[in-house]
Amino acid sequence: QTYPPKTPFVADSVQTNTPSAMGKKGSQEDAVLYKCVPEDWLWLPRPIRLALGWCIVTLFATSFLSIPISCILLIPAVWRYFPVCCTVYVALLVVSLVSPLKEWEYTRKICQLTYEVFDFSCNLSEEERKKAIAAGDSGQYIIGMHPHGIVPIQALLWCAYCDQYMSIGDKKMYGFGAAADVVMYIPFLRNIMAWLSGGSASYKALYDGLTKGIAPVVNASGRTPRHLYILPGGIAEIFTSTPGKHIIVAKRKGLMKLALETGAHLYPCYVFGGTDFYNNLATGDNLLSRLSRKLRMGVALFYGMYGLPVPYAPRVSMCLGEAVMVEKWEGEGPPPADNIAELHRRYLDAFRELFDKYKGAAGYPDAELEIQ
């Protein structure tokens with residue numbers, strides 16, 4: 001089915017067993033996905049929308065390579081043969097590094113142009129969307145998305161989707177995101193992440209964002225965020241990212257502790273196709289993965305179409321499951337290990353259920369979810 005313009009959700013054929021704020025429990029026969037429509041860009045011819053979408057995802061991926069690209073400028077021959085290009089690049093580099101970090105709301109609308117590149121769909125019906133927005137207005141949520149992938153193009157899709165579909169009037173689910181601290185020092189990527197409301201992923205920053213509404217890149221635009229969006233798999237999932245495989249790395253439990261200390265409920269979100277954008281040349285425990293952990297940033301070798309940072313175009317389906325409800329820890333000191341472990345178990349069970357329900361509709365009927 002398709003989300004038509006102006007009336008984004010059509011839920012006539014959705015059959016479910018148990019109502020909930022977001023994705024509902026049920027079998028694969030109940031699974032329905034809805035194709036997303038770039039409503040703000042329908043005035044453009046489709047070929048132009050596609051061309052712009054390809055440019056956006058390619059530039060986003062290339063921004064992850066800005067440091068090695070910048071190092072090429074240290075070669076004198078590059079300046080000798082391409083003086084104008086080098087000068088322009090350095091000028092843009094300086095502008096990127098001195099520009100203040102601040103979210104830019106229009107970036108979310110621009111990201112709608114990526115929908116058609118990946119035949120993007122989501123599982124939420126009109127009823128589920130309305131319940132989620134109402135729940136978000138009265139409660140607080142952490143949307144945990146897996147897998148991370150090498151280049152998290154799904155982050156662009158989520159930002160566009162949440163901005164477009166997860167709001168009714170003044171009620172909005174769009175909150176703030178998180179990225180490794182070092183990202184804020186990488187030219188171009190730092191600006192893109194800030195435009196998309198991404199800030200520090202340190203525990204203190206996430207805690208302050210949820211409890212006090214403090215998120216500098218968001219506050220700079222005059223907005224106080226309420227909900228958190230994060231890809232908890234982080235660096236570990238970068239090195240398990242392989243086309244055709246479905247792996248969640250969930251050994252760390254910091255997100256569970258954060259949920260218990262803040263009382264924020266957890267929304268599981270699985271993106272089918274999230275590991276199919278690029279081929280990974282370094283998977284598993286290797287020198288690059290160890291270096292990445294030391295630097296607290298992903299240092300990966302990857303390629304897409306034609307051996308370039310142009311992603312492949314898998315069909316991408318974003319599926320949100322039933323919320324894992326959390327009771328805030330009110331005791332003295334940090335939450336007990338048993339409470340954290342129990343919440344962690346429920347969180348992973350929710351992902352297993354979500355994956356098994358929607359894998360057929362998403363085009364992966366024989367896939368198995370591996371949790372490490």
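Analyst: V84 is found in helix α4, which covers residues 83–98. This is a predicted model. V84 is exposed, because its relative accessible area is 61% and the cut-off for exposed is over 50%.

Now the backbone. The peptide bond from H146 to P147 is cis, and its omega is near -10 degrees. P147 sits in the loop between β3 (141–146) and α7.

Two other loop residues have a positive phi. S197 is not a glycine, yet its phi is about 75 degrees. Its loop runs between α8 (189–195) and β7 (198–200). S197 is buried, with a relative accessible area of 1%. Y306 is also a residue other than glycine, and its phi is near 60 degrees. Y306 lies in the loop between β12 (302–303) and β13 (317–320). Y306 is exposed, with a relative accessible area of 72%.

Last, the inside. The structure holds two cavities of 30 Å³ or more. The largest cavity has about 60 Å³ of space. Its lining has 14 residues, and W158, Y174, G175, F176 and Y229 are the closest to its centre. The largest share, three residues, comes from α7. By type, the lining has 10 nonpolar residues, four polar and no charged.

Terms used
Residues numbered from 1 in each chain as written. Predicted model: local features only at pLDDT ≥ 70, side-chain atom pairs only at ≥ 80, totals over all residues. Heavy atoms only, no water. 1 Å grid on protein atoms, 1.4 Å probe; cavity = no way out; pocket = protein on both sides within 12 Å on 5 of 7 lines; lining within 4 Å. Points joined across faces, edges and corners; volume = space filled by probe spheres on them. Helix = DSSP H or I, 4+ residues; strand = E, 2+ residues; numbered from the N terminus. Nonpolar A, V, L, I, M, F, W, Y, C, P; charged D, E, K, R; others polar. Buried < 20%, exposed > 50% of the residue type's maximum accessible area, 1.4 Å probe, protein only.
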